[in-house]
Amino acid sequence: MVRFSQLVVEQPWIKEIDINPLLATRHNPQTKGSGLIALDARVVLHDPELTVDKLPMPAIRPYPTQYVAPWTMKDGMPVIIRPIRPEDEPLVVKFHETLSDRSVYFRYFHLLKLSRRVSHERLTRICFIDYDREMALVAEYTNPQTGESEILGFGRLSKLHGANEAEFGLLVGDKYQHRGLGTELLSRLLQVGRDENLSRICADILPENLEMQRVSEKLGFRLLRAADVVKAEIDL
Ligand SMILES: CC(C)(COP(=O)(O)OP(=O)(O)OC[C@H]1O[C@@H](n2cnc3c(N)ncnc32)[C@H](O)[C@@H]1OP(=O)(O)O)[C@@H](O)C(=O)NCCC(=O)NCCS
């Protein structure tokens, strides 16, 4: 069913598909077959006279696979950096359990309690996003021995209401800081911003957060220092 939806999203010229009859059988453990067979199907395409810009858009923006790409941390650890998915919630809970008070304070400007950070209500909003309004990238490591996955860091770009601008937020797990991941996540968010035609990206950084200021400056942000906050901005 997922692949079928991908087909429809990838091929905007498809106007309608009719699969009939569709034979659904039991799962076959020998062939590991899914047990769904299309016995007959009919695909109708849009009128060839139609121009591409007149083709209907999907009501919900599909998962942005163009932002999925591998990367290697400075110490050689391979990760995949990709947009967040709703099913990441359990991994996000584990990620939050590892964070130091310092990292939480630097990210949220106050000590947001673990129970609040991992509440299901909050994580649904964080993991189940409208990719048109915001983009959250996660860096995921999969242990080749156990097959278990771990989220090592996050980068988030949230569009500001009524402006063609976005604010970024970064959070790298304490164990994985200072290995280049923060810089890589932010440079990918900049690329997302360019691809999405944003005109400016900004963030508020605590004055004592020298790492974040360093990463921002390295990637071309201007830093405007005030007494209680450092504003980072870049025009795209
Ligand atoms: C800020 C943060 C995202 C950076 O991620 P990271 O993976 O550690 O970043 P990188 O390894 O890519 O780069 C860190 C840079 O800071 C530099 N740095 C580290 N400590 C520093 C210090 N005390 N003063 C100045 N620079 C420092 C490092 O040398 C490195 O720069 P370099 O690549 O030129 O050597 C990460 O530390 C973090 O998640 N912190 C807690 C949450 C937070 O602060 N979020 C930002 C809120 S917007």
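Arginine 188 sits in helix H6, which spans residues 181–195. The model is predicted. Is arginine 188 buried or exposed? Its relative accessible area is 15%. The cut-off for buried is under 20%, so arginine 188 counts as buried. Its side chain makes a polar contact with the side chain of glutamate 184, at 2.9 Å. Now set aside the neighbours within four places in sequence. Arginine 188 is then in contact with Ala69, Pro70, Trp71, Ile81 and Leu137.

Turn next to the surface. Here Met1, Phe4, Leu7, Val8, Ile19, Leu22 and Leu36 form a nonpolar patch. Together they have about 620 Å² of accessible area. Which element gives the largest share of the patch? Helix H1, residues 2–10, does, with three residues. With a relative accessible area of 31%, isoleucine 19 is partly exposed.

The last stop is a set of paired strands. Strand S12 covers residues 230–235 and pairs with strand S10, residues 200–205. The sense is antiparallel, over six bridges. Within this pairing, lysine 231 in S12 is the bridge partner of aspartate 204.

S12 is also joined to strand S11, residues 222–225. These two strands run antiparallel, with four bridges. Leucine 223 stands opposite alanine 232 in S12. How many residues lie between S11 and S12 in their hairpin? There are four. In a regular strand, side chains alternate between the two faces of the sheet.

Conventions:
Residues numbered from 1 in each chain as written. Predicted model: local features only at pLDDT ≥ 70, side-chain atom pairs only at ≥ 80, totals over all residues. Heavy atoms only, no water. Buried < 20%, exposed > 50% of the residue type's maximum accessible area, 1.4 Å probe, protein only. Polar contact = N/O pair within 3.5 Å; in protein donor to acceptor, adjacent residues only side chain to side chain. Contact = heavy atoms within 4.5 Å. Patch = residues over 30% accessible without salt bridge, like charges linked within 9 Å, V, L, I, M, F, W, Y side chains within 5 Å. Areas by Shrake-Rupley, 256 points an atom, 1.4 Å probe, with all protein chains shown as cover. Salt bridge = Lys/Arg side-chain N within 4 Å of Asp/Glu carboxyl O. Pairing = 2+ DSSP bridges.
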